[in-house]
Amino acid sequence: MVNTILESTIDPINLKKLTAVSNPKLHAFIAEAIELLKPSKVLVVTDSKEDLANLREMAKNGGGEIPLAIPGHTYHFDGPNDQGRDTFSTRYLLPKDMELGESLNSIDRQQGLDEIRGLLKNAMKGRTMIVCFWCLCPTGSDFAISCVQITDSPYVAHSESILYRPGYEQFKKLGPNDEFFRFMHSEGQTDENGCSIHWEKRRVYIDLIDNTVYSVNTQYAGNTVGLKKLALRLAIQKASKEGWLAEHMFIMGAKGPGGRTTYFAGAFPSACGKTSTAMLPGQTIIGDDIAYFRKRGGRVYAANVEQGIFGIIGDVNPDDDPVIFKALQSPGEVIFGNVLIADGKPYWEGMGCRLPERGINFQGQWYPGKKDGDGKEIPPSHKNARYTIRLDALANLDPELENPQGVPVGGIIYGGRDSDTLVPVEQAFNWTEGIIAKGASIESETTAATLGQHGVRKFNIMANQDFVSIPLGRYIQNNLDFAKGVKNPPAIFSVNYFLRDENNKFLNGKLDKMIWLLWAELRVNGDVEALRTPTGWIPRWEDLAALFAEKLGKTYTQQDYVKQFTVRVANLLDKFDRVEKIYRDKVPDTPQIVYETFAAIRRRLQDARSRHGDFISPLEL
C-alpha cells in the first residue's frame, strides 16, 4: 500500500531520491502525508548543491521571498497576526495515561490528532509537497539527530537550509529501528501577499509519542521551522530518557589572558540579550539559540544544534553589533523578515540611520503615523522583525562549530529582564544552587518575541518554560543529576543587563555585558577573588575597573559599582517568595531540595538584613 501511494504520486527522479533512503518508517510517513495533504507534486531535497539552489529559486519565485538589491538577500513578510511564536495554540498531544503538569499546554492526543489532521486535510491540493532532510548538531556525532520536514512553503524549506546541516546522507545510514524526528507543515490558504489567511485556525501540535510536530495556517518561522523550538521539545523528552540535556542556550568562546578560550553556554528568554551576548566583540560564537550537552571523561561538552541564526534584528547597528551588522550589509544568503523595505533595501528600528518616509512592511504600504484597525500606530519594522543567516558568514565564528565532540563547557549563564532585583553578574556557590536559584528561578519581563501582552514579569524556568516537554520537577532533577560524575562542573552565573535606577534609567551600558562575561571567564579559571553575598559571589570593584579600562577604554567608578552591585535584600526575598509559590502551586513533583535551597537562601538574606538593612553596599562586604 505504501509503495503504491509513493509510486502513483512521485515522479521517477524524486522517487529514486526517496527510495535511496531505505527506511520503512520514513516511507510510511511520506505516504501518510500524501494521502492526507493530497499534493499535486512531491519534491525530494537531498544534500546536493543543485537541490539546495533549487530551494532558493523556488522561494524567490512566488514561494514567500522577494529579492533585494544586495545579491543573495531576500525579504519575507508574515501576516499582521502571525508575528511571533503562538504559545496559546502550541500544544502537546498526550495519551490519557501521560501527564506533564498544568503548567504545560496539552490536549488529549486523539482529539488533537483529529483536529490537526482535519485542518491539514487536502491542504496541498494544487501545490508541491517539499520533503527535506536535515540534521540537528554536527552530522556523524553522538549529538546528531536526523529529521525529515514536509512543507508546502519554499520559504520554510529555504530557511531550514540556512539554519540546519544537510541530513540526507546521514538519513541513508539509519537502521530500520533508529529514531528520527518528523515535521509536517502547511501554510494553509494564503492572500495576495503570500501570508496565511486563517491565522485564527493556527495550530502547532506536538506528538511526543510519535516524535512528530504538525503545524498549519502559519508561516512565522518560530511556528513552522520545525527543527527550531519545536524540535527542542522533542529533544528534551529524548534527552530525559537517555541522560543528556537539551537546552535553550547559546555557546560562545570568551577570550581570557594569554589567548585562552573558555566556552560558555547561556540561557536567556527571547529578546533579553542572548544573541548579543553570543556575539560580543572580540569573542567567538558557536551558536546563539539551542545546545545539546553530553558528558565524557568527567567533563561536560556542548554542541550547537544549528548552523545559522534566526535573530531579532531590532537595534542591530554598527556600534553595538558590528559583526552581525557587517554580515547583514554584505552579499550572501540572508532572509530579512518583517522589516521595512524601500528602494530594494531593508530597514529596521535601531539600525543607526534615518529610516525612509515611505516603504512597505508587514501591514502593507507604510508611512509615519499610519495606524492599524485598532487605532495603534504601526512601526516601520515589527518589534519581532528577524534575520536568517548562516554562522559562517560571521567574522567571529569559532573554529570548533563542526567539531563532532562539541566543546568543553567552563561556565553557564542565566539571564533575563529584571529592572530592580538582581545585580549585573553573580556566581552561584555551587552547581545545585546555580541550577535552582539562577536557572530554575528566572523571572523576566515579556517581550515581542511571543504573542500576548508585553512587559509582564513572567516565571521562565531555565529560559526554557515554553519548550519543556516533561514534568518541570523531573526537568529540574535532570539538570541537578547531570553534574554527577563530573569532576569540576561548569560554574553557574546569573546576569542582568536591565537593572534600572530610581529615575528608570538603565544602569548598564550595552557593551558592559562584555565585562560581566570576561569577569566570569576569570572566575572560571581561578584568576580573581570575589565578594560573598547571601546569594552568591560578586566581583570586586578593582577587578571590574581594570576590565573596563582595558576592554572598553572606560573609567568605572566606585559610584557606578555601588549602584549596580548593591544587594537589594527585600526585593530578593520577594523574588524567592514568588518563585517558591509558583512551585508549590503549579509543580507538584518539585524536588524537595528546591525548597531546602530557597529556605537556605532566605535565611542568609534575613541574617544579612538584620546586620546591614535592606540595601547592602558591596563596599560593606
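**From a loop residue to the cores and sheets**

C137 is found in the loop that joins strand 6 to strand 7 (145-151). Strands, here and below, are DSSP runs of E with at least two residues, and helices are DSSP runs of H or I with at least four residues, both numbered from the N terminus. The structure is a predicted model, in which local features need pLDDT of at least 70 and side-chain atom pairs count only at pLDDT 80 or more, while totals for chains, interfaces and linings use all residues. Residues are numbered from 1 along each chain as its sequence is written, and side-chain values use heavy atoms, with hydrogens and water left out.

The backbone of C137 has a positive phi, near 75 degrees, in a residue other than glycine. C137 counts as buried, at 0% relative accessibility. The term buried stands for under 20% relative accessible area, exposed for over 50%, and partly exposed for values in between, with a 1.4 Å probe and protein chains only. A463 likewise has a positive phi, of about 55 degrees, although it is not a glycine. A463 belongs to the loop between strand 28 (457-459) and helix 13 (472-481), and is buried with a relative accessible area of 2%.

The nonpolar interior comes next. In soluble globular proteins, nonpolar side chains tend to be buried together. A nonpolar core is defined here as a set of buried Ala, Val, Leu, Ile, Met, Phe, Trp, Tyr and Cys residues joined through side-chain atoms within 4.5 Å. The largest such core has 164 residues, and those with the most contacts inside it are L136, Y292, F293, L328 and Y583. Helix 14 (residues 512-524) makes the greatest contribution to this core, with 8 residues. Another core, of 36 residues, lies apart from it and has L18, F29, F133 and L174 among its members. Contact here means heavy atoms within 4.5 Å.

Two further cysteines are enclosed as well. C195 is buried, with a relative accessible area of 5%, and C272 counts as buried at 0% relative accessibility. The structure holds 0 disulfides, a disulfide being a pair of cysteine sulfur atoms within 2.5 Å.

Helix 4 (residues 49-60) shows how a helix can have two faces. Its 12 residues should span 16 Å at 1.5 Å a residue, and the end C-alpha atoms are 17 Å apart, which agrees. The expected span is 1.5 Å times one less than the number of residues. The buried residues of helix 4 are D51, L52, L55 and A59. These residues lie on the same side of helix 4, because they cover an arc of only 100 degrees around its axis, where the arc is that of the directions from the helix axis to the C-beta atoms. Their cover includes helix 2 (12-19), strand 1 (41-45), strand 6 (128-136), helix 6 (154-163) and strand 8 (165-166). On the face turned away from the buried side, helix 4 carries the exposed residues K49 and E50. After helix 4 comes G62, with a positive phi near 85 degrees.

R602 is buried, with a relative accessible area of 17%. Not counting residues up to four places away in sequence, R602 touches L573, F576, D577 and E580.

Among the strands, strand 17 (residues 299-304) is largely enclosed by the rest of the structure, because 5 of its 6 residues are buried. Strand 16 (residues 291-296) pairs with strand 17 in the antiparallel sense over 6 bridges; two strands pair if DSSP finds at least two bridges between them. In this arrangement, R294 has Y301 of strand 17 as its bridge partner. The hairpin of strand 16 and strand 17 has 2 residues between the strands, and G297 there takes a positive phi near 55 degrees. Strand 17 also pairs with strand 25 (residues 407-415), in the antiparallel sense over 2 bridges, and A302 has V407 of strand 25 as its bridge partner.

Elsewhere, 5 strands form an open sheet of mixed pairing, in the order 2-3-19-24-18. Its edges are strand 2 (66-67) and strand 18 (308-312), each of which pairs on one side only. Strand 2 and strand 3 (residues 73-76) are antiparallel and pair over 2 bridges, with I66 opposite Y75 in strand 3.
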